[in-house]
Amino acid sequence: MPRARRVRPLALVAALATVPLLLVACAAPAELKPAALPDGLEVRLQQGRLDVEARRLVVRVENTGGEAVTIDGFELEAPTLATALVREEAFELPPGDALAIRLPLPPAECGAEAGAAVLHVDATTPDGPAAGELTPDDPFDTLARVADADCLAESVDTVATIAVPEHLRAIGSGVDRRAVIDVLVTPAASGSGSFVIDRVYGTTLLNAEGGVDWPVGVEISAGDAPQTISLDVRPARCDAHAIADDKRGTILPFEIRTSDGRAGRLDRSSGATLKAELYQYYGERCGLALPAG
């Protein structure tokens, strides 16, 4: 009997001692923290000529390391961007490979001070998941240029709209044909702002009839009456390849200074109809045989 009484308490203690172990075994495994990103991932920000008008930013990701990496997604943040640029679709980066990803640009954050961009990256490596931050290289100050252009446009738009016409105004025919682009400036009904259009720059396709650029020197204030700025145009050169290879020849660059201290170039694109008429005019004035359309 004494022995039996001693055994029961020991068995109970042993049973109780196993409870925590069972609870630990049944608990959900703790989530593993991703490892740091592997060495060799590099990022560059850039824009091609077509990306500027399309309002896209190119995020070029390169793997200079020795192992393949899957980029599961990334998020680009910068002080001058109103929202982050997000890529959710995964892509593979073998060693020595790179991928240029084009993403739509959000509006600029015009009240923000310029600062470095940060790319937040989720990845999968041969050793498992990884995550971290990369500082993109911006060799051409693309983010600063985009912010300057957007904020200049914002300042201008509060004062007036600058609109290129739907059609080209032209007289004559053949090599004697002459043409004018009538730009309509319509000020806001009220407000205190103003801006000065110093000049419109010539393009790769079009120049001023009497030179290269169009000196304008017109001040526009909110509350003014609408006015038309007439730009007499001639071909910048007579070359059929200029039209065939054209990217920005029908985009008019306005040099502008605003009363709130901004200055720079504001682009205004020609619509499809005006663009076609400018190409036709170019070919006719130069005596070129251009294909239809």
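**Pocket lining and disulfides in a predicted model**

By class, the residues that line the largest pocket comprise 13 nonpolar, three polar and ten charged residues. The model is predicted, and the chain has an average pLDDT of 89, with 88% of the residues scoring at least 70. For residues 1–28, however, the pLDDT is below 50, and this stretch makes zero contacts in the model beyond near neighbours in sequence.

Two or more lining residues are given by each of helix H2 (49–54), helix H3 (142–159) and strand S17 (263–269). Of the elements that contribute, H3 provides the largest share of the lining, namely nine residues.

Attention may now be turned to the disulfides. In general terms, a disulfide is a covalent bond between the sulfur atoms of two cysteines. Two disulfides are found when the whole structure is searched. When the bonded cysteines of the chain are numbered in sequence order, the pairing reads 1-2, 3-4.

The disulfide of Cys-110 and Cys-151 is left-handed because the torsion about its S-S bond is about -105°. Cys-151 has a relative accessible area of 4% and is therefore buried, the cut-off for this class being under 20%.

The other disulfide joins Cys-238 to Cys-286, whose sulfur atoms lie 2.1 Å apart. Cys-238 is found in the loop between strand S15 (227–235) and helix H4 (240–244), and Cys-286 in helix H5 (residues 272–286), so the bond ties together parts that are 48 residues apart in sequence. For Cys-238 and Cys-286 the torsion about the S-S bond is about -75°, and the disulfide is therefore left-handed. Cys-286 is buried, because its relative accessible area is 15%, which falls under the 20% limit.

Key. Residues are numbered from 1 along each chain as its sequence is written. This is a predicted model: local features need pLDDT of at least 70, side-chain atom pairs count only at pLDDT 80 or more; totals for chains, interfaces and linings use all residues. Side-chain values use heavy atoms; hydrogens and water are left out. pLDDT is the predictor's confidence in each residue, from 0 to 100. Contact means heavy atoms within 4.5 Å. Helices (H or I, at least four residues) and strands (E, at least two) are DSSP runs, numbered from the N terminus. Ala, Val, Leu, Ile, Met, Phe, Trp, Tyr, Cys and Pro count as nonpolar, Asp, Glu, Lys and Arg as charged, and the others, Gly among them, as polar. A disulfide is a pair of cysteine sulfur atoms within 2.5 Å. Buried means under 20% relative accessible area, exposed over 50%, partly exposed in between (1.4 Å probe, protein chains only).
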